[in-house]
Amino acid sequence: MLRTVMLSVDEKRAVFNTLYLRIACDHLHMTHLESGREATLQANPPFSNVRLLVADFSVADRLIRDAAQSLIAKRFLRLSLPPRLVIHPLERLEGGLSQVEERMLLELGKGCGANKVVIHIGDRLDAAGVRAKLARPCA
């Protein structure tokens, strides 16, 4: 089924920012899909502990903001739409994520300025998979 979407003049000029964040213990890797640029950051001080992927929210929040800002070109910030973000936790998933862990990941995504945040658990996604995750309506 073909669907036509009408874009306003501002949306036609706007730069899309789709981010894919893979987060592991004290380590994150973010990819900007439109440009192909990547950022890999190691936390110092650490944000994980033996039980939780993100035990220190403020450290993880700062690291994710820094990664997002480094990937989104500053010259396009004015014309950019807010980023869309897929967060892919890679560790400490035994038994799935609790509601608290899901909420924490969503808050981290919103904290970096994303207007839509989706959490993905499973295999690594390619660019088409990330866009497909973001295209689904929120539950």
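A residue counts as buried when its relative accessible area is under 20%. By that cut-off, both faces of strand β1 are covered in this predicted model. The strand belongs to an open sheet of five strands, and helices α2 and α3 lie across parts of that sheet.

**Strand β1**

- Strand β1 takes in residues 18-24, and seven of its seven residues are buried.
- Thr-18, Tyr-20, Arg-22 and Ala-24 are buried on one side of β1, while Leu-19, Leu-21 and Ile-23 are buried on the other.
- In a regular strand, side chains alternate between the two faces of the sheet.

**Partners of β1**

- Strands of a sheet pair through backbone hydrogen bonds, in either a parallel or an antiparallel sense.
- With strand β4 (residues 84-89), β1 pairs in the parallel sense over six bridges.
- Arg-22 has His-88 as its bridge partner in β4.
- With strand β2 (residues 27-32), β1 pairs in the antiparallel sense, again over six bridges.
- In β2, Met-30 is the residue that stands opposite Leu-21.
- A hairpin is formed by β1 and β2, with two residues between them.
- Asp-26 lies in the turn of this hairpin and has a positive phi of about 55°.

**The sheet**

- The five strands follow the order β3-β2-β1-β4-β5, and their pairing is mixed.
- At the edges are β3 (38-42) and β5 (116-119), each of which pairs on one side only.
- On average, neighbouring strands of this sheet are turned by 15° against each other, direction ignored.

**The helices across the sheet**

- Helix α2 (residues 57-71) lies across β1, β2 and β3 and runs at about 25° to β2.
- The 15 residues of α2 should span 21 Å at 1.5 Å a residue, and this agrees with its end C-alpha atoms, which are 21 Å apart.
- An α-helix has 3.6 residues a turn, so residues three or four places apart point the same way.
- The buried residues of α2 are Val-59, Ala-60, Asp-61, Leu-63, Ile-64, Ala-67, Ala-68 and Leu-71.
- The cover over these buried residues includes β1, β2, β3 and helix α3.
- Helix α3 (residues 99-111) lies across β4 and β5, running at about 145° to β5.

Methods: Residues are numbered from 1 along each chain as its sequence is written. This is a predicted model: local features need pLDDT of at least 70, side-chain atom pairs count only at pLDDT 80 or more; totals for chains, interfaces and linings use all residues. Side-chain values use heavy atoms; hydrogens and water are left out. Buried means under 20% relative accessible area, exposed over 50%, partly exposed in between (1.4 Å probe, protein chains only). Helices (H or I, at least four residues) and strands (E, at least two) are DSSP runs, numbered from the N terminus. Two strands pair if DSSP finds at least two bridges between them. Axes are lines fitted to C-alpha atoms, for helices over the stretch in contact, and angles run from 0 to 180 degrees between N-to-C directions. Contact means heavy atoms within 4.5 Å. The expected span of a helix is 1.5 Å times one less than its number of residues.
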